[in-house]
Amino acid sequence: MSDDEKKIIIDEDWKSQVQAEKEAAQARQPEKPAVEEPSEPEMDLPPASLATLVSSLMSQTLYALGQLPEPDGQYPQPELNLARHLIDTLSVLEEKTAGNLSPEEKQMLSEVLHQLRMGYVAVERRP
């Protein structure tokens, strides 16, 4: 072998060494329970209904209009594009459910849409 040639050393045992290190790391970690328990108790959710859906969309719209405070008590900057989209979504819901709502549901949806539209116009006109 000449000085110009480099000698290459191949470690044939590297795979078994990596596997042993991996097993040792796993042995140091505590076992996870088979089923993780929720960190918070489960909330009782209201039954699914049109009123719940409308209420949820209404809350999101009021937040987008900057009329509902964040958890820290600060009111967010209005996001008129989002508010308009949510109002349009409620309008589509009203249109697509026409003739299939009880009188109470129809009145509720109509009143919510009216209130949100008036709120939108008020925020839009604010300097």
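Modeller: Start with T61, which counts as buried because its relative accessibility is 0%, and the cut-off for buried is under 20%. Keep in mind that this is a predicted model.

Colleague: Where is the place of T61?

Modeller: T61 sits in helix α2, which covers residues 50–64.

Colleague: Which residues is T61 in contact with, leaving aside its neighbours within four places in sequence?

Modeller: The contacts of T61 are A83, L86, I87 and L116. Look for these residues around T61 in the picture.

Colleague: Let me step back to the whole protein. How many helices and strands are there in the protein?

Modeller: The protein has four helices and zero strands. Following the sequence, the pattern reads α-α-α-α.

Colleague: What percentage of the residues in the protein do buried residues make up?

Modeller: Of the 127 residues, 17% are buried. A further figure concerns contacts with a separation of 6 or more: 55% of them join residues 24 or more positions apart.

Colleague: Now the helices as pairs. How is a pair described?

Modeller: Two packed helices are described by the angle between their axes and the distance between the axes. Take α2 and α3: their axes come within 8 Å and cross at roughly 160°. Angles over 145 degrees count as roughly antiparallel, so α2 is roughly antiparallel to α3. The crossing of α2 past α3 is left-handed.

Colleague: Which residues in α2 meet α3?

Modeller: From α2 they are L50, L53, V54, L57, M58, Q60, T61 and A64. On the α3 side they meet L82, A83, L86, I87, T89, L90 and L93.

Colleague: At what angle do α3 and α4 cross?

Modeller: They cross at roughly 160°, and their axes come within 10 Å. That angle makes α3 roughly antiparallel to α4. The contact involves L80, A83, R84, I87, L90, S91, L93 and E94 of α3, together with L109, S110, V112, L113, L116, R117, Y120, V123 and E124 of α4. α3 passes α4 in a left-handed crossing.

Colleague: That leaves α2 and α4. At what angle do α2 and α4 pack?

Modeller: The angle is about 5°, with the axes 11 Å apart. Angles under 35 degrees count as roughly parallel, and α2 and α4 are therefore roughly parallel to each other. L50, A51, V54, M58, T61 and L62 of α2 make this contact with E105, M108, L109, V112 and L116 of α4.

Colleague: How many residues has helix α4?

Modeller: Helix α4 runs over residues 103–125 and has 23 residues. From its first C-alpha to its last it reaches 33 Å, close to the 33 Å expected at 1.5 Å a residue.

Colleague: Which residues of α4 are buried?

Modeller: They are L109, V112, L113, L116, G119, Y120 and V123. The cover over these buried residues includes α2 and α3.

Colleague: Please show me a residue of α3 in the same way. Is L90 buried or exposed?

Modeller: L90, which is found in helix α3, is buried because its relative accessible area is 0%. Not counting residues up to four places away in sequence, L90 touches V54, L57, M58, L109, V112, L113 and L116. Take L109 from that list: L90 and L109 are 19 residues apart in sequence and 7.9 Å apart in space, C-alpha to C-alpha.

Colleague: What does the side chain of S91 make a polar contact with?

Modeller: Its partner is the side chain of R117, at 2.7 Å. S91 lies in helix α3, residues 80–96, and is buried at a relative accessible area of 17%. Apart from neighbours within four places in sequence, S91 is in contact with L113 and R117.

Terms used: Residues numbered from 1 in each chain as written. Predicted model: local features only at pLDDT ≥ 70, side-chain atom pairs only at ≥ 80, totals over all residues. Heavy atoms only, no water. Helix = DSSP H or I, 4+ residues; strand = E, 2+ residues; numbered from the N terminus. Buried < 20%, exposed > 50% of the residue type's maximum accessible area, 1.4 Å probe, protein only. Polar contact = N/O pair within 3.5 Å; in protein donor to acceptor, adjacent residues only side chain to side chain. Contact = heavy atoms within 4.5 Å. Expected span 1.5 Å × (residues − 1). Axes fitted to C-alpha atoms, helices over the stretch in contact; angles between N-to-C directions. Parallel < 35°, antiparallel > 145°, perpendicular 65-115°, else oblique. Left-handed = near helix turned anticlockwise from the far one by under 90°.
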